[in-house]
Amino acid sequence: MTRIASSARIDPKAVVEDGAVIGENAIIGPLSYVGPNAVLGDGVVVMHHASVEGMTRLGPGCQVFPMAVIGGAPQSVRHDASETRLEIGRNCIFREGVTINTGSSHGGGITIIGDNNLFLANSHIGHDCRIGNDVILSNNVMIGGHVVVHDKVILSGGAAIHQFVQIGRQAFVGGLAGVVNDVIPYAMIVDNPAMMGGLNVVGMQRAGIERDEIHLVRKAYKTIFSSGLILENAESARAEFGGKSDAVDEMLRFILERDAERSLTTPGSRRRKGTA
């Protein structure tokens, strides 16, 4: 049964299917669509020509701009057409043309988006992804299925993230980068195929990380990537720097406690065609 709060404003030209739940002070614009299994929290805005489909829950304060499709079925040939879910936190903004898929039957059945995220025009998040809080996707960013993006990551325009990749906290991925391997926290990623161009020092400074701690992160980074023996080097860095910095400890956990079969994006691991 449809539940629409008395303070919600729904344009008469909108389609709200029977079964949808619409919270207080929500606004549904003309020629928009809200499916029968959608739950829209208080203050959600769905603008004209936008769609919220599938078993999708939008947290309070989210905004869906025109031509965005939130909760579309997963784009996977292995999906068996069963109902899967999309859970979205508070105060997320989905600009024009954004597409986000629900989970898949073969990948856990749920896509999860955190709080306070900004998804710019025509960006895409595939099935079974996990997106943290305070994440920014610039225009035309493409995220494949099963990707994990941790808090405060910034993905610049046109970046492409391969399925199953994990991107650590507060990493910065440059425009048009093609990321096929995992990315450590605080990394600066450039090029296509992607390589690590150093640390996201500006991001750390903006996050309030003190100068002395940033210096420790730099030292640990140099130790970890001083040779191709990354795991062994990370163990050495843990012995030398472990417990001295939350940021360093997070970086080391990401490297040492992850799936050993996954590869890391490394400094200068790939070069552009035609360069020495």
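Trainee: In the open sheet whose order runs E3-E6-E9-E12-E15-E18-E21-E24-E27, what is the sense of the pairing?

Mentor: Keep in mind that this is a predicted model. Strands of a sheet pair through backbone hydrogen bonds, either parallel or antiparallel. Nine strands make up this open sheet, and their pairing is parallel.

Trainee: Which strands stand at the edges of that sheet?

Mentor: An edge strand has a single partner strand, so one side of it is left without a neighbour in the sheet.

Trainee: Where does Asp128 lie, and what is its phi?

Mentor: Asp128 lies in the loop between E18 and strand E19 (130-131). Although Asp128 is not a glycine, its phi is positive, at about 65°.

Trainee: What is the bridge partner of Ile4 in E4?

Mentor: E1 pairs with strand E4 (residues 21-22) in the parallel sense, over two bridges. In E4, the residue that partners Ile4 is Ile22.

Trainee: Where is Asn25 placed, and what is the value of its phi?

Mentor: The loop between E4 and strand E5 (27-28) is the place of Asn25. Asn25 is a residue other than glycine, yet its phi is positive, near 60°.

Trainee: Which residue in the turn of the hairpin formed by E28 and E29 has a positive phi?

Mentor: Strand E28 (residues 187-190) and strand E29 (residues 195-199) run antiparallel and are joined by three bridges, and the bridge partner of Ile189 in E29 is Met196. Four residues lie between the two strands of this hairpin, and the one in the turn with a positive phi, of about 80°, is Asp191.

Trainee: Is the peptide bond from Asn192 to Pro193 cis or trans?

Mentor: Pro193 has its place in the loop between E28 and E29. For the bond that leads from Asn192 to Pro193, omega is near 0°, and the bond is cis.

Trainee: How are H3 and H4 oriented, roughly parallel or roughly antiparallel?

Mentor: Two packed helices are described by the angle between their axes and the distance between the axes. The axes of helix H3 (residues 230-241) and helix H4 (residues 246-256) come within 10 Å and cross at roughly 150°. Angles over 145 degrees count as roughly antiparallel, and therefore H3 and H4 are roughly antiparallel.

Trainee: What is the handedness of the crossing of H3 and H4?

Mentor: With the angle of roughly 150° already in hand, the remaining detail is the handedness, and where H3 passes H4 the crossing is left-handed.

Trainee: Which helix gives the largest share of the lining of the largest pocket?

Mentor: The largest pocket holds about 210 Å³ of space. Among its 13 lining residues, the closest to its centre are Lys152, Ile154, Gln170, Gly203 and Arg206. The lining divides into seven nonpolar, three polar and three charged residues. Its largest share, three residues, comes from helix H1 (residues 201-206).

Terms used
Residues numbered from 1 in each chain as written. Predicted model: local features only at pLDDT ≥ 70, side-chain atom pairs only at ≥ 80, totals over all residues. Heavy atoms only, no water. 1 Å grid on protein atoms, 1.4 Å probe; cavity = no way out; pocket = protein on both sides within 12 Å on 5 of 7 lines; lining within 4 Å. Points joined across faces, edges and corners; volume = space filled by probe spheres on them. Nonpolar A, V, L, I, M, F, W, Y, C, P; charged D, E, K, R; others polar. Pairing = 2+ DSSP bridges. Axes fitted to C-alpha atoms, helices over the stretch in contact; angles between N-to-C directions. Parallel < 35°, antiparallel > 145°, perpendicular 65-115°, else oblique. Left-handed = near helix turned anticlockwise from the far one by under 90°.
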